[in-house]
2 protein chains.
Amino acid sequence: MQTARRPSEPDNPLTRLSFLLADDMRQVNALILANMQSDVRMIPQLAGYLIAAGGKRIRPLLTLAATRLYGYEGPRPYALAAAVEFIHTATLLHDDVVDGSEERRGQKAANLIFGNQSSVLVGDFLFSRAFQLMVADGSLDVLRILSHAAAVIAEGEVMQLTTANNLRTTFVEYEQVIQAKTAALFAAACEIGPIVAGTDGDAAASLRDFGMNLGLAFQIVDDVLDYSAAQEKLGKTVGDDFREGKMTAPVLLALENASVEERGFWQRTMGDLDQTPDDLRTAQGILTRHDAIAKGIGLARAYADKARSALHVAPEGPLRELLDDVLTFTVTREF
Amino acid sequence: MQTARRPSEPDNPLTRLSFLLADDMRQVNALILANMQSDVRMIPQLAGYLIAAGGKRIRPLLTLAATRLYGYEGPRPYALAAAVEFIHTATLLHDDVVDGSEERRGQKAANLIFGNQSSVLVGDFLFSRAFQLMVADGSLDVLRILSHAAAVIAEGEVMQLTTANNLRTTFVEYEQVIQAKTAALFAAACEIGPIVAGTDGDAAASLRDFGMNLGLAFQIVDDVLDYSAAQEKLGKTVGDDFREGKMTAPVLLALENASVEERGFWQRTMGDLDQTPDDLRTAQGILTRHDAIAKGIGLARAYADKARSALHVAPEGPLRELLDDVLTFTVTREF
């Protein structure tokens, strides 16, 4: 695997995309800041805490890139990119409450600092603001795409709850979960680009395909990194999924040919959540034995290839090249 | 106070409104049922548990009434009334998680049966569905009004968190909270009526005023009943606000002229949440001594009177008369 680099390094393609779209991103960030304001001070405090921590900002970058790719140069994508980021931030806040997370974006999770109650309600606020931004834009097509994505995300999160701690979860069910909870918003963020640009034909469907497959690749790699990453590189705690008993790609791949003893191990640790401090290392050993990390990355690469084919329907140019590099980065990154 | 009656009794004006709009409500209920479906089975299970328990359905009735009042006879209000009820249901689910509630609509709260995690996520799902219903209707004006209301509700809920257990909460702050968390959705549910009916002029603003003041009256009475209702009549536990230290009208009114001893009592019980089983009865005694129940109802009546003035701008007829009766019922009910 080629060495991936932190987003701040200049040859990381997400950094290069941010540079290329720097003027646009400044506008998006200004809108994000302006729209998280409220007379109720805890709202900008909590939202600001999470948003200031950064994150990859990959979703708003995708919306910007998908619009500029089709030659539209006006300001419409700013509010929509901010809306996409707000939907994502709202789901992060609710996720961290649901998972009882301790770390997010390299800092203490908001629920631990501000409480679960505030995280739920500020999530609701950001979600509503996202819709206000879309309504102000005024495109019913965009509203349809993003409100559908929001419903699908919630479905995916509920489905994930029902698969947790369940060793009989199939790989198909896992893919349904990640398609809903992650890839649907990537797809929507990209699909609205050609729509805002007013491009006819299959452009929106192709960009949707690109986003969907990029999202699947992105989430599978995330799930692999939860076992394989170096703690100091990852912006969250390694082994979170293991400790919560979340059934993700590496474990499901290792379960396919598990010995009776291994199956007993997974049942005790992830099924019954009866864990000792050494169990994560044991789990990592089993994954290595079954080549589950490499297999997971292989699957992610297959999705990245599908995304690349869809992307190549879009007009050629530096933006398309960079999105191509983002695909490569997604499946080679170490964080 | 005149004897209020359960909603099932035929001379309860909400029941009479339901009868008058029975055909319409059947369509709304069918849409509610259809739109809470999902392949993820826990979603209709949890949503159905709460929705089947009934509740007053006052918000969708208001949307229907506000549309029919202006002579529109088409199907558009069905989806919008369902959307309004979904927004309300989503906030109930999140509220009960935030408050750790034990009872809702006369049955165990959903969070106790399905878990906090599911309640958060199914709330998100219903909220998204509400927007999908509005987008399908296609009115950007309606979308603007309801997405604004949704953001304001979340602000009100966060503000309520910050006033809880704080004896220095002012009555103005309390009114800001209930205006945001309750009255804003009543106002929006009414305002969209004349908009759907295509009525020009001040109709929408008047109906918004009607809904806002009705909502304020409704919430103040709710907060009074939390101390004064007979347990067997109320669909939730008497004394919930007291046990959670929620600063509401009766306590704030009693605090205005509190003795040093009484202030100490409120600080210990509601400020520090250090309570004994007898404290609720003591609290009720203090409220009686300060006439706080009657004063609260008096305030609610003043809002109901404002609502009545706004309503009287609307066309005369049986619907307007019934909405007038609903105002009277709101401030005389015992549950």
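Predicted model: local features only at pLDDT ≥ 70, side-chain atom pairs only at ≥ 80, totals over all residues.

Visitor: Good. At what angle do α8(A) and α9(A) pack, and how far apart are their axes?
Guide: α8(A) and helix α9 (residues 171-196) of chain A pack at about 165 degrees. Their axes are 8 Å apart. Angles over 145 degrees count as roughly antiparallel, so α8(A) is roughly antiparallel to α9(A).

Visitor: Is that crossing left-handed or right-handed?
Guide: The crossing of α8(A) and α9(A) is left-handed.

Visitor: How do the contact residues of α8(A) with α9(A) divide?
Guide: That contact has 14 nonpolar, 4 polar and 6 charged residues.

Visitor: Buried or exposed, or in between?
Guide: A:Asn165 is partly exposed, with 16 other C-beta atoms within 10 Å.

Visitor: And B:Asn165? What is its phi?
Guide: B:Asn165 has a positive phi of about 65 degrees, and it is not a glycine either. B:Asn165 is found in the loop between α8 and α9 (171-197) of chain B.

Visitor: Staying in chain B, how do the axes of α7(B) and α8(B) cross?
Guide: Helix α7 (residues 116-137) and helix α8 (residues 140-163) of chain B have axes that come within 8 Å. They cross at roughly 160 degrees. That makes α7(B) roughly antiparallel to α8(B). α7(B) passes α8(B) in a right-handed crossing.

Visitor: Which residues make that contact?
Guide: From α7(B), B:Met134, B:Val135 and B:Asp137. From α8(B), B:Val142, B:Leu143 and B:Leu146. By class, the contact has 5 nonpolar residues, no polar ones and 1 charged.

Visitor: New topic: the two chains. How many residues does each give to the contact?
Guide: Chain A gives 35 residues and chain B gives 35. On the side of chain A that touches chain B, the elements giving two or more residues are α3 (42-52), α5, α7 (116-137) and α8 (140-163).

Visitor: Which of those gives the most?
Guide: α8(A), with 14 residues. By class, the side of chain A that touches chain B has 20 nonpolar, 10 polar and 5 charged residues.

Visitor: You listed α5. How many residues of α5(A) are buried?
Guide: 23 of its 24 residues are buried, so α5(A) is largely enclosed by the rest of the structure.

Visitor: What span should helix α5 of chain A have?
Guide: It covers residues 76-99, and at 1.5 Å a residue those 24 residues should span 34 Å. The end C-alpha atoms are 35 Å apart, which agrees.

Visitor: What comes just after α5(A)?
Guide: A:Gly100, which takes a positive phi of about 60 degrees.

Visitor: Last one. Where is B:Gly54?
Guide: B:Gly54 is in the loop between α3 (42-52) and α4 (58-68) of chain B. B:Gly54 is partly exposed, with 13 other C-beta atoms within 10 Å. B:Gly54 and B:Gly106 are 52 residues apart in sequence. In space they are 9.5 Å apart, C-alpha to C-alpha.

Technical notes:
Residues numbered from 1 in each chain as written. Chains lettered and ligands numbered in written order. Helix = DSSP H or I, 4+ residues; strand = E, 2+ residues; numbered from the N terminus. Expected span 1.5 Å × (residues − 1). Buried ≥ 20, exposed ≤ 12 C-beta atoms within 10 Å, placed from the backbone. Axes fitted to C-alpha atoms, helices over the stretch in contact; angles between N-to-C directions. Parallel < 35°, antiparallel > 145°, perpendicular 65-115°, else oblique. Left-handed = near helix turned anticlockwise from the far one by under 90°. Contact = placed C-beta atoms within 7 Å. Nonpolar A, V, L, I, M, F, W, Y, C, P; charged D, E, K, R; others polar.
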